[in-house]
Amino acid sequence: MAQDPIRKMDVQFTTRLRVSVPEWKVAVSSEDTLARHRKECPKLHDKLGRIEVMLKREMEAPEFDREKVKHEIMAIADPEKSEIVRRQQEAETIAREREEQQQREEAEKARIATEAERANICFLDRFVEEIMSIIFRRWLTRF
C-alpha cells in the first residue's frame, strides 16, 4: 500500500509476486532474517525494490494513473506476461483502428453515392424543365 502525498489517499496494489505466508512472516520478523531472505531470494527483492521505486515516482507525479501503475508492476513482476498483454492490446488497437477506418470509408462511399444520386436527380429535373420550356415556347409561338 502506498499513500499519494498530494491527494492524501491510500492506494493498494498487488505486486503479483508469490511468497508463502509463513516464509514472508519469518522474513520480515527481524532485520537479520530480512537480510538473510534478501540473500536467499535476490530476484524477489530486486523486483520488490524496483516496484517500490516506481510507486514512489508515480505517487509524486502530477497526475496519478492507476492503470499505468498496474502495467508497470506487471512489467517488473512478470515481463513475459506483460509483453503478451502489451501485444494483445496493440493487436486490439490495430484491429479497432482498421474497423473504424473501414467504417469511415464505407460512410464516404455512401456519401459519394448519395451525392451522385442527387446530381442525377438534379440533372433530370433540369432536363424536364428545359423540355417543358421548349414545349411552352412552341405553344406560345402558335398563337
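Two residues count as in contact here when they have heavy atoms within 4.5 Å of each other. Keep that in mind as you click around, and remember that you are looking at a predicted model.

**Stop 1: Ser82**

Select Ser82, which sits in helix α5, residues 79–141. Is Ser82 buried or exposed? Its relative accessible area is 15%, and buried means under 20%, so Ser82 counts as buried. Now show what surrounds Ser82: setting aside neighbours within four places in sequence, Ser82 is in contact with His71, Met74 and Ala75.

**Stop 2: the largest nonpolar core**

Next, select Val11, Phe13, Ile51, Met54, Leu55, Met59, Phe64, Val69, Ile73 and Ile76. These 10 residues make up the largest nonpolar core. Colour by helix and you'll see that α3 and α4 (66–77) are the elements that give two or more residues to this core. Which element gives the most? That's α3, with four residues.

Leaving aside neighbours within four places in sequence, Val69 is in contact with Phe13, Met54, Leu55, Glu58 and Phe64.

The C-alpha atoms of Glu52 and Ile73 are separated by 9.5 Å, though the two residues are 21 apart along the chain. Glu52 belongs to helix α3, and at 45% relative accessibility Glu52 is partly exposed.

**Stop 3: Lys43**

Stay on helix α3 and move to Lys43. This one is exposed, with a relative accessible area of 69%.

**Stop 4: helix α2, both sides**

Now select residues 31–40, which is helix α2, and highlight Thr33, Leu34 and His37, the buried residues of this helix. Why do they line one face? Look down the axis of α2: the buried residues fall within an arc of 100°, so they line one face of the helix.

Zoom in on His37, one of the buried residues of α2. Its relative accessible area is 4%. Skipping neighbours within four places in sequence, His37 is in contact with Glu23, Trp24, Ala27, Leu44 and His45.

Take Lys39 as the example: its relative accessible area is 72%. For one more distance, go from Lys39 to Ala116. Their C-alpha atoms are separated by 77 Å, and the residues are 77 apart along the chain.

**Stop 5: the second largest pocket**

Helices α1 (21–27) and α3 (42–60) each supply at least two residues of the lining. How many residues of each class line this pocket? There are six nonpolar, two polar and one charged.

**Stop 6: Arg16**

Last, select Arg16, in the loop between β2 (9–11) and α1. Check its backbone angles: Arg16 has a positive phi of about 65°, although it is not a glycine. For background, most residues other than glycine have a negative phi. As for solvent, Arg16 is partly exposed, with a relative accessible area of 42%.

Notes. Residues are numbered from 1 along each chain as its sequence is written. This is a predicted model: local features need pLDDT of at least 70, side-chain atom pairs count only at pLDDT 80 or more; totals for chains, interfaces and linings use all residues. Side-chain values use heavy atoms; hydrogens and water are left out. Ala, Val, Leu, Ile, Met, Phe, Trp, Tyr, Cys and Pro count as nonpolar, Asp, Glu, Lys and Arg as charged, and the others, Gly among them, as polar. Buried means under 20% relative accessible area, exposed over 50%, partly exposed in between (1.4 Å probe, protein chains only). The arc is that of the directions from the helix axis to the C-beta atoms. A nonpolar core is a set of buried Ala, Val, Leu, Ile, Met, Phe, Trp, Tyr and Cys residues joined through side-chain atoms within 4.5 Å.
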